[in-house]
Amino acid sequence: MKASKPARTNAKPLSPEAKSPPAPGLRARKQQATRERLARAAMTLFLERGFEATTIDEIAAAAEVSRRSFFHYFASKEDVVAAWQERAAAALVAEVVARPAGESMLTAAENAITATVKRIDPAEAAAMSRLKRDNPALQARDQLKYEKLERALADGLAQRARTKSDRLNARLVAMIATGAMRVGGESWIGEGAREKPEAFVKRTFDAIRAILK
């Protein structure tokens, strides 16, 4: 008696891209929660007392961890501020990637920035800008932040590119949009942060389009 052949199936194995990434384990989730608690405690103290006046011991105590635990997550107080900025940059890039394919790169950048700033507390953002303005170490980190943001934004926009020319345009738009965020942010603070951030973003990009005409 012949052995029956296994039934054929049209199902195809999932590609690596189609598989869902594994969920982080309990240890990783606890570490992330502790890192976020330290960051929130630090930012609260920075805004209340000032960056220089806040000690690492005070941050650790506010987050209910040891001083040693602080250094497990951050090398310095400046690193806490940098981490806050990196989260904002990551959120911006995610917004760019999610924009409809029919939008131009400049419009996609504008809408992504608008969506991102809507989730930011204007009072906190203004206080953070003043904090960086008054501290030389944070000013140096701020320069590095914009360089990283420009590269990340260019990478996000490049995912919309189909040609070599599009990839060049992605870099140019990222440079323009990052410059707009920097100059616009400084102007927004200089004017007393009275206007809603999303309205200021629109005004800034309207100015860019007027220049490019």
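How much space lies in the largest pocket? About 920 Å³. The model is predicted, so to read it: local features need pLDDT of at least 70, side-chain atom pairs count only at pLDDT 80 or more, and totals for chains, interfaces and linings use all residues. Residues are numbered from 1 along each chain as its sequence is written, and side-chain values use heavy atoms, without hydrogens and water.

A pocket here is an open set of points on a 1 Å grid over the protein atoms alone, where a 1.4 Å probe fits, with protein on both sides within 12 Å along at least five of seven lines; lining residues have an atom within 4 Å of a point. Its volume is the space filled by probe spheres set on the points.

In the largest pocket, 34 residues form the lining, and S129, K145, Y146, M181 and G185 are the closest to the centre. Two or more residues each come from α4 (77–98), α5 (105–117), α6 (122–133), α7, α8 and α9 (197–212). Helices are DSSP runs (H or I, at least four residues), numbered from the N terminus. The largest share, eight residues, belongs to α8. By class, the lining has 20 nonpolar, seven polar and seven charged residues. Nonpolar means Ala, Val, Leu, Ile, Met, Phe, Trp, Tyr, Cys and Pro; charged means Asp, Glu, Lys and Arg; the others, Gly among them, are polar.

Now follow α8 (residues 164–190) to α7 (residues 136–158). Their axes, lines fitted to C-alpha atoms over the stretch in contact, come within 8 Å and cross at roughly 140°. That makes α7 oblique to α8. The α7 and α8 crossing is right-handed, meaning that the near helix is turned clockwise from the far one by less than a right angle. Contact means heavy atoms within 4.5 Å. Among the residues making it are Y146 and L153 of α7, and A174 and M181 of α8. The contact residues divide into 12 nonpolar, two polar and three charged.

On to α9. The axes of α8 and α9 come within 10 Å and cross at roughly 125°. Again the pair is oblique, and the crossing is right-handed. Residues including I176, A180 and W188 in α8 meet residues including F200, F205 and I208 in α9. This contact has eight nonpolar, three polar and no charged residues.

The second largest pocket holds about 220 Å³ of space. Its lining includes W84, R87, D121 and E124. Here α4 gives the most, with four residues. The classes are four nonpolar, one polar and four charged.

Key
Axes fitted to C-alpha atoms, helices over the stretch in contact; angles between N-to-C directions. Parallel < 35°, antiparallel > 145°, perpendicular 65-115°, else oblique.
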